[in-house]
Amino acid sequence: MRLLKVATCNLNQWAMEFECNMKNIKASISQAKAAGAVIRLGPELEVTGYGCEDHFLELDTVTHAWECLKELLLGDWTDGILCSIGMPVIRGAERYNCQVLCLNRRIIMIRPKLCLANDGNYRELRWFTAWKQRGELDEFHLPIHVSEALSQTSVPFGYGYIQFIDTAVAVEVCEELFSPVPPHAELALNGVEVFMNASGSHHQLRKLNIRLNAFMGATNARGGVYMYSNQQGCDGGRLYYDGCACIVVNGHVVAQGSQFSLKDVEVIISQVDLDAVASLRGSISSFQEQASCKVKVSSVYVPYKLTQSFNLKMTLSSPKKIMYHSPQEEIAFGPACWLWDYLRRSGASGFLLPLSGGADSSSVAAIVGCMCQLVVKEIANGDEQVKTDAKRIGNYADGHSKETKMRAKQLADEIGAWHLDVCIDGVVSAVLSLFQTVTGKRPRYKVDGGSNAENLGLQNIQARMRMVLAFMLASLLPWVHSKSGFYLVLGSSNVDEGLRGYLTKYDCSSADINPIGSISKQDLRLFLRWAATNLGYQSLADIEAAPPTAELEPIRSDYTQLDEVDMGMTYEELSVYGRMRKIFRCGPVSMFKNLCYKWGTKLSPAEVAEKVKYFFKYYSINRHKMTVLTPSYHAESYSPEDNRFDLRQFLYNSKWPYQFKKIDEIVDGLNGDSVAFPEEEEEATSSQEFGVVAANSGDPSAGL
């Protein structure tokens, strides 16, 4: 038997915070060595943090990374353990995203990334070059200060693997695993038995299984030990890196780390038998045949032994059941951990939430409550870092009708927040009096006989006043509480409202950060039902059951403002539009054709056409609001957030004359024809459930 003990990790790194990052790297190596591991894998770009973005273009960033690596190699950190360290490296005129492989205070090899992530949230081609040379390894001359300190002038650089006395080890960096022809395929044919995947992979609802299936698939048909390391936490931006470091042997997960955690360092250890890899490969005829005529990959020979022979004191790791969180748990734990990192690193003293008692703001309150529960749990488990941060911050969070006021106060009490019941009627009245003094006119709501313009203007004033008051309270309440610092204002608009533009620009959705900004209304309602039971916030059940309303218009005995009526579409429809627009890349015509099939058993082509045109009209009218949308936790693949995920113009011709004309031509061509549509399995059973097609003039989203 060739027994090998390996370690991979989740690290909570912070972009450009080298001291914090090095502290975590050293702690992970120490824990790996203490457990007897001889290989330690860290996340992609762990020295600098993954989210440095244009800081990667600064020479200082690369220089500091080398300084940190030099410090690591001058100590005893790499004695007796192969360490894969992620950092940027400049070679000649090119900048590469690299894994630096170190052992016994020497750099063994530098492996640049072959396939760069350059879609969705990722822009690696803006900062790095992909390594394209698949031939011999190049010679890389180390920076002078590193060379002199280590007495090592150069190191092999490029695509290859390390051949030890008893096994072969190689790196596969993040995106490479998901490329059409991943490197591990030919590396396995060259005899590589241990693969190390260093990643900076972000959380997205319902997507963990795709990642894990890729790890298992990499070694299921060709054998091998696949190690995966990831960052975990908020490193300074909209993404939450969701950890889940794991180790897979011959297609089976034998170790899995947490997906959501407040720990800065989590090390995963496994004891594996490499003979099991050799045995599987020897039993697969196709593997043997392809290995016999493989393309040779370059290697670096290291006369060092990693494995141990048969030893009853060392227990082999067995396959385990994979841990998957439900979407409701993902909504609770992911944004909660992201908020904690943002709170403790921003220097703020707490959160302030405009809590209306509706589903969205109540979801944010529940997520903050979940964060508090996680903090208390970690402190009880002895995490001194969490305890130190919590003692500094303190445990405060703050937050129209009579019913919503009561629900808001009850929820605030349940999560332990300090609740203020603020009536803004006086502020709004003062603004209206000023307007009347200036213009000689006083606007009225539609229900009181006012025009559409008056109605929208009054709703926008109210929404913006809430934003102004929220920031004033966030600045001054710490002083009221005799605390230092400030409170972070939390936003509470969901991804569907952002897509539709159902929010007033610079209104109460404007905040410092928004934990639900890319989560759909449907998912939030599922979360509220889950949180009422699992987080112990019983008032959430009543909140979820209430119909969604902005409550920006006066309530009358015969009139209550409802979101779906205002929007002219249901949240269920919005979710469908959002996925088709972004995930399936549909323009108006393609969306119309697809929805004719999807909704054809309930709606005529003409009705589908009206819905599609109505959506694109309001999407384009309101797209400009994305330019000032509060930075949001990224959780949904159809997010309309335009910072870098959904890059589109914000000035449209909202009439879409060419596209809408094409839709009308298709509808005209279908009139009188017999059209067969498949039975619908997912959507509502009657056309009435799809909402109102006609434009509603009371939509507060139309205001600028």
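Reply: In this predicted model, helix H20 and helix H22 are roughly parallel to each other, because their axes cross at roughly 30° and angles under 35 degrees count as roughly parallel. H20 covers residues 588–598 and H22 covers residues 657–670, and their axes come within 8 Å. On the H20 side, the residues that meet the partner helix are Pro588, Val589, Phe592 and Lys593. On the H22 side, they are Gln659, Phe660, Lys662, Ile663, Ile666 and Val667. By class, this contact has seven nonpolar residues, one polar residue and two charged residues.

The loop that leads from helix H21 (605–622) to H22 contains Glu636. Is Glu636 buried or exposed? Its relative accessibility is 5%, and buried means under 20%, so Glu636 counts as buried. Leaving aside neighbours within four places in sequence, Glu636 is in contact with Gln204, Ser518, Asp523, Arg579 and Phe645. Glu636 and Gly517 are 119 residues apart in sequence, while their C-alpha atoms are 9.1 Å apart in space.

Asp523, one of the contacts of Glu636, belongs by its number to helix H16, which spans residues 521–534. H16 packs with helix H10 (residues 359–380) at an angle of about 55°, and the two axes are 10 Å apart. H10 and H16 are therefore oblique to each other, and H10 passes H16 in a left-handed crossing. From H10, the contact is made by Ala359, Asp360, Ser362, Ser363, Ala366 and Ile367. From H16, Lys521, Leu524, Phe527 and Leu528 take part. These residues divide into six nonpolar, two polar and two charged.

A further pair is formed by helix H13 (residues 425–439) and helix H14 (residues 452–480), which pack at an angle of about 125° with their axes 10 Å apart. H13 and H14 are therefore oblique to each other. The crossing in which H13 passes H14 is right-handed. Which residues of H13 and H14 meet? Val427, Val428, Val431 and Leu432 in H13 meet Leu458, Ile461, Gln462, Met465 and Leu469 in H14. This contact has eight nonpolar residues, one polar residue and no charged residues.

Leaving aside neighbours within four places in sequence, Leu69 is in contact with Ile85, Met87, Val100, Cys102 and Ile107.

Leu45 lies in the loop between strand E2 (39–41) and H2. The phi of Leu45 is near 50°, a positive value in a residue other than glycine. At 0% relative accessibility, Leu45 counts as buried. Cys174 lies in the loop between strand E9 (168–171) and helix H5 (183–189). Cys174 likewise is not a glycine, and its phi is positive, at about 40°. With 12% relative accessibility, Cys174 counts as buried.

Methods:
Residues numbered from 1 in each chain as written. Predicted model: local features only at pLDDT ≥ 70, side-chain atom pairs only at ≥ 80, totals over all residues. Heavy atoms only, no water. Contact = heavy atoms within 4.5 Å. Axes fitted to C-alpha atoms, helices over the stretch in contact; angles between N-to-C directions. Helix = DSSP H or I, 4+ residues; strand = E, 2+ residues; numbered from the N terminus. Parallel < 35°, antiparallel > 145°, perpendicular 65-115°, else oblique. Left-handed = near helix turned anticlockwise from the far one by under 90°. Nonpolar A, V, L, I, M, F, W, Y, C, P; charged D, E, K, R; others polar. Buried < 20%, exposed > 50% of the residue type's maximum accessible area, 1.4 Å probe, protein only.
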